[in-house]
Amino acid sequence: ARMAASPADVVPDVEVGPARDGKRVLSKVASYRFTTGDNDTQAIEAHLFDLDGVWSRPSPILAEWRAGRAATSRVLEPVKEACMNLFASVRIYFRYLVTAEAWILCLVSVASTLFFTMFEVKGRRLAVNVSWAFISFAIIFPLTNSLNETFRRRERALECIADVKAYLLSYYQAHRDWDWGENGRGKLPRNHVANVRLVLASCVADMRDVLTAPPTTRQIHYHTEWGRKERERVENMSHDMIFRISTYFDRMSLAVEELKYAGQPGNEASRMRQYVTLSMRAWENLKHIKKYRTPIATRAFARVYIFLHPWFWGPYYAYLVDGMVVDGTGNDASFGAVVGTTVYACALSVLTSLAMMGLFNVRYRMEDPFFDAVVEQTGKKNDTRQHLGVDLIHVAQEFAELLRSVAMEVVDADQNKCGGGPARRAYPLPESSWIAHLELKPGVEIVRIQSQV
């Protein structure tokens with residue numbers, strides 16, 4: 001009999017686990033877990049036709065979020081959140097700007113302002129109200145345009161990674177689950193699925209290493225001896241990995257032929273080959289995004305102009321000082337006023353330069369949208385470089401999710417020597433379907449993979 005279930009009858013997929021060190025943690029439980037019935041089997045049968053009960057169950061994430069919000073003061077919460085956002089923004093600001101180039105630029109800006117403020121020719125400063133139109137067209141506009149382009153490149157890379165994950169997982173699931181005739185998989189050789197899994201995992205690992213390799217398309221890699229040697233060394237290793245990836249795709253193609261030798265229908269084999277083709281195309285796009293960047297000349301022009309502009313716009317800051325220290329009667333201001341206005345002019349020059357350098361640094365870091373896996377593999381959660389990579393693609397995490405899915409196997413699918421295939425509860429066909437009752441768990445050890453997901 002069909003039984004209706006209220007939202008309270010359904011236990012969420014993710015529920016709050018026991019506290020550890022005074023902190024609330026979330027733990028994963030089985031996908032089908034209900035409170036009604038003496039066991040999971042009875043509960044599933046009771047809710048088999050009750051989609052409303054599944055859909056209306058409360059979100060455990062929202063429940064956890066609301067529980068945390070309930071412990072805070074509603075009156076002071078907006079003020080606290082505003083302060084925390086401001087603190088986080090200032091921290092990010094300094095993380096992107098505290099670089100050697102930024103410090104040099106600050107010194108150049110202060111030096112140019114002091115020079116034009118103090119240097120006089122026949123009793124007059126070199127103070128002119130210089131137009132900022134050239135800065136807008138020569139520096140700001142190209143920087144913002146190229147920054148938009150780098151974000152578009154990142155979004156395209158995300159789409160390609162999603163394609164690689166989806167098509168390779170579908171390809172592996174076809175090898176693991178697809179059957180034909182009366183258990184046609186029984187003709188496959190021993191450990192067929194394990195071989196396919198190893199080939200796929202090796203391919204994904206090499207993809208990760210190529211995408212997270214140090215960038216070798218900076219200006220120093222073409223115009224300095226040290227850079228050229230590093231570029232040659234890294235590119236040689238990358239070329240070897242790219243060649244290995246092509247051989248893995250060859251093996252994937254031959255694995256489909258092995259299924260056909262065992263009697264798999266041609267239409268199903270064609271679909272699996274399509275998965276391989278689409279994966280190869282997505283990988284080629286990822287490889288091109290890694291290798292080819294926005295024009296190197298625009299990066300060089302922007303860096304040079306940023307460092308040169310304080311000297312050409314120094315008369316403007318001297319003009320500001322003149323306007324503030326000389327009153328309407330022509331009398332000079334006091335020494336304190338002169339010092340104060342000079343400090344203000346220096347600070348304004350530094351902030352203007354840092355604003356340009358900040359845009360340049362954001363664009364510079366986004367040139368290579370793939371975040372390297374070093375920090376993720378070491379597990380140093382508070383490492384500075386991990387914060388700097390928050391806008392980049394965490395390749396290791398994305399591909400670790402794929403390998404975790406590839407490692408999953410149906411618990412009782414052990415009827416064939418090739419691996420995978422129909423579970424004992426699904427074949428021979430039972431009177432009532434047991435699809436909702438099937439359990440999956442990793443068929444191999446994935447401790448390191450799991451730690452990066």
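Axes are lines fitted to C-alpha atoms, and the angle between two of them, taken between N-to-C directions, runs from 0 to 180 degrees. The model discussed here is predicted.

Q: Why is H7 called roughly antiparallel to H9?
A: The axes of helix H7 (residues 192-211) and helix H9 (residues 225-261) come within 9 Å and cross at roughly 155°. Angles over 145 degrees count as roughly antiparallel, and therefore H7 is roughly antiparallel to H9. Their crossing is left-handed.

Q: What makes up the contact of H7 with H9, in nonpolar, polar and charged residues?
A: In H7, the residues that meet H9 include Val196, Leu200 and Asp206, and on the side of H9 Ile242, Tyr248 and Arg251 are among them. The residues of this contact divide into 14 nonpolar, three polar and five charged.

Q: Why is the aromatic pair of phenylalanine 134 and tyrosine 305 called edge-to-face?
A: The structure holds 11 aromatic pairs, and in this one the rings lie 6.3 Å centre to centre with 70° between the planes. Because phenylalanine 134 lies in helix H6 and tyrosine 305 in helix H11, the pair ties together parts that are 171 residues apart in sequence.

Q: How do you know whether phenylalanine 134 is buried, partly exposed or exposed?
A: Its relative accessibility is 47%, and since buried means under 20% and exposed over 50%, phenylalanine 134 counts as partly exposed. Tyrosine 305, with a relative accessible area of 33%, is partly exposed as well.

Definitions and conventions:
Residues are numbered from 1 along each chain as its sequence is written. This is a predicted model: local features need pLDDT of at least 70, side-chain atom pairs count only at pLDDT 80 or more; totals for chains, interfaces and linings use all residues. Side-chain values use heavy atoms; hydrogens and water are left out. Helices (H or I, at least four residues) and strands (E, at least two) are DSSP runs, numbered from the N terminus. Angles under 35 degrees count as roughly parallel, over 145 as roughly antiparallel, 65 to 115 as roughly perpendicular and the rest as oblique. A crossing is left-handed if the near helix is turned anticlockwise from the far one by less than a right angle, and right-handed if clockwise. Contact means heavy atoms within 4.5 Å. Ala, Val, Leu, Ile, Met, Phe, Trp, Tyr, Cys and Pro count as nonpolar, Asp, Glu, Lys and Arg as charged, and the others, Gly among them, as polar. Rings of Phe, Tyr and Trp (its six-membered ring) pair if their centres lie within 6.5 Å; planes under 30 degrees apart count as stacked, over 60 as edge-to-face and the rest as tilted. Buried means under 20% relative accessible area, exposed over 50%, partly exposed in between (1.4 Å probe, protein chains only).
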